[in-house]
Amino acid sequence: MRWRTGKDGAGPVRAVAVRGTVLRDRVREAVRGPGWQREDLLLQLKTVAAAVIAWSLASWLLSPRVTTFAPFTTLLAIQGTVHRSVQQSWRYLVAVTLGVLLAAAFGTTAGRHAWTLAVLLLVALALSRAQPLGAQRLQVPVTALFAFSAGNGEWNYGAELTAAVLIGTGCGLAAVLLLAPAVHHRDADRSVAYLAERVGDLAAGVARSLREGGPGQAETRAWWDEADALQASARQVRATVELGEENVRLNPRRLMNGGGLLRLPEHHGRVTALERAAHQLRSIVRGLDYAAGREDHPALAGDFLLPFAGLLEDIGRAAHRLGEDVSGPPDAGGGRGPEGGPDVDSGREADGARQAGGDPVADGRRRAAELAENSRRADLRVPGEWPLYGALLTDARRALDDLARAPGPPWS
């Protein structure tokens with residue numbers, strides 16, 4: 001296989017240079033301060049240290065034929081979180097033990113034959129179906145095959161193999177527990193605040209366009225794409241929150257952080273509220289796209305869409321308020337979003353709406369009631385008008401209700 005390069009033949013060199021730059025940036029960020037770059041670097045360092053210690057202990061206590069299993073088990077035992085490390089370690093240990101017992105039982109009773117191996121693998125594969133073993137279930141037939149072939153199905157070999165696995169597991173878990181990853185909400189807080197900022201900016205942007213004369217179809221299509229992207233972002237944010245929760249479980253450093261850990265479960269409610277609000281905004285954008293294509297759009301805009309902009313501003317303020325409640329004061333958590341972007345309080349055009357006082361949910365509900373009453377008195381019941389504007393008003397009310405259910409500011 002040949003490298004595909006440009007005319008200057010510098011493709012591979014350029015790729016290596018880019019990777020080197022990324023590596024240097026990660027090391028620089030790890031040295032600069034806390035974050036996932038530092039956690040990743042520490043994970044690699046403690047994995048290497050634990051594997052070397054496991055290999056040294058196995059070389060000193062056991063025969064050379066099983067020494068490799070100790071550092072190999074250490075590599076499997078050390079995961080990104082304490083909970084995941086403990087979970088994978090006991091599953092691997094149980095799977096290996098089952099494989100060793102099967103190999104020794106068949107090897108010492110029926111002998112080493114082709115038919116014996118076939119029956120052994122059938123039994124091992126059946127046991128590997130056990131759901132509690134999870135991703136480690138395939139280690140049952142693998143270990144059974146290795147112990148039966150390389151160890152001749154002997155009990156002594158199986159005992160040494162199990163001892164090597166115990167050494168590797170012990171070293172891995174010791175490294176994970178003694179050098180447990182930091183327990184904090186930083187990544188989860190920033191991710192939720194970033195999602196709230198994007199939802200608020202979308203609502204504020206639509207409102208601003210309505211006040212300036214109404215959006216065209218090209219602009220509504222761009223908002224549609226942003227609303228779709230928010231759905232994917234919500235899934236990523238939820239995954240970040242779940243990772244933060246997993247990092248807390250069984251982590252000995254949890255005792256040093258007190259009750260602040262209770263914030264993580266509340267983030268699920270915030271993400272759900274923001275995701276639903278984004279869905280309602282998507283429906284609103286769809287209605288505006290339909291309205292923008294009507295010939296009488298300029299005349300209809302003044303009847304409903306202009307006052308409707310104020311309701312969207314309330315939705316935007318509610319989303320922004322929710323994000324600020326999560327992230328805290330501007331100087332409390334650092335200055336980057338979840339993917340290295342700008343800080344969520346970065347001075348966008350929606351700052352004016354964000355700084356407005358009062359309860360945005362209560363203001364929005366009051367404005368929605370007034371808008372519905374005015375629409376009933378006005379001549380908006382002609383065919384094609386009220387079904388559209390009624391749907392927009394319903395979507396806006398639902399967005400407010402979704403944000404009101406989120407844990408956060410004391411909504412009215």
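This briefing describes the fold, the annotated segments and selected side-chain interactions of one protein chain. The model is predicted. The chain holds 14 helices and 0 strands, and buried residues account for 44% of its 412 residues.

**Overall architecture**

- Read from the N terminus, the elements follow the order α-α-α-α-α-α-α-α-α-α-α-α-α-α.
- Of the contacts between residues at least 6 apart in sequence, 80% join residues at least 24 apart.
- The chain exposes about 21200 Å², of which carbon and sulfur atoms supply 58%.

**Annotated transmembrane regions**

- An unreviewed UniProt entry places the feature "transmembrane region" at residues 90-107 and 161-180.
- In the model, residues 90-107 are 100% helix and 0% strand.
- Residues 161-180 are 90% helix and 0% strand, with 28 Å between the end C-alpha atoms.

- T143 belongs to helix α6, which covers residues 139-149.
- The relative accessible area of T143 is 7%; the residue is therefore classed as buried, the cut-off being under 20%.
- A polar atom of the T143 side chain lies 2.7 Å from the backbone oxygen of Q139.
- Leaving aside neighbours within four places in sequence, T143 is in contact with V96, G99, V100 and L161.

**Nonpolar surface patch**

- I53, L57, W60 and L61 make a nonpolar surface patch of about 460 Å².
- L61, one of the patch residues, lies in helix α2, which spans residues 36-61.
- With a relative accessible area of 53%, L61 counts as exposed because the value is over 50%.

**Salt bridges**

- The count for the model comes to 12 salt bridges.
- R198 and E226 form a salt bridge, with their closest N and O atoms 3.1 Å apart. R198 lies in helix α8 (residues 186-211) and E226 in helix α9 (residues 217-248), so this pair ties together parts that are 28 residues apart in sequence.
- R198 is buried at 15% relative accessibility, whereas E226 is partly exposed at 26%.
- E266 and R270 meet through their side chains in a salt bridge, at 3.1 Å from N to O. Both residues lie in helix α10 (residues 263-292) and are 4 residues apart, about one turn of the helix.
- Within this pair, E266 is partly exposed at 36% relative accessibility, while R270 is buried at 3%.
- The side chains of R365 and D401 also meet in a salt bridge, with an N to O distance of 3.2 Å. Because R365 lies in helix α13 (residues 360-377) and D401 in helix α14 (residues 386-404), the pair ties together parts that are 36 residues apart in sequence.
- R365 is partly exposed, with a relative accessible area of 35%, and D401 is partly exposed at 27%.
- A network of salt bridges links D314, R317, D363, R366 and R367.

Terms used. Residues numbered from 1 in each chain as written. Predicted model: local features only at pLDDT ≥ 70, side-chain atom pairs only at ≥ 80, totals over all residues. Heavy atoms only, no water. UniProt positions renumbered as here; feature names shortened; annotations may be inferred. Helix = DSSP H or I, 4+ residues; strand = E, 2+ residues; numbered from the N terminus. Patch = residues over 30% accessible without salt bridge, like charges linked within 9 Å, V, L, I, M, F, W, Y side chains within 5 Å. Areas by Shrake-Rupley, 256 points an atom, 1.4 Å probe, with all protein chains shown as cover. Salt bridge = Lys/Arg side-chain N within 4 Å of Asp/Glu carboxyl O. Buried < 20%, exposed > 50% of the residue type's maximum accessible area, 1.4 Å probe, protein only. Polar contact = N/O pair within 3.5 Å; in protein donor to acceptor, adjacent residues only side chain to side chain. Contact = heavy atoms within 4.5 Å.
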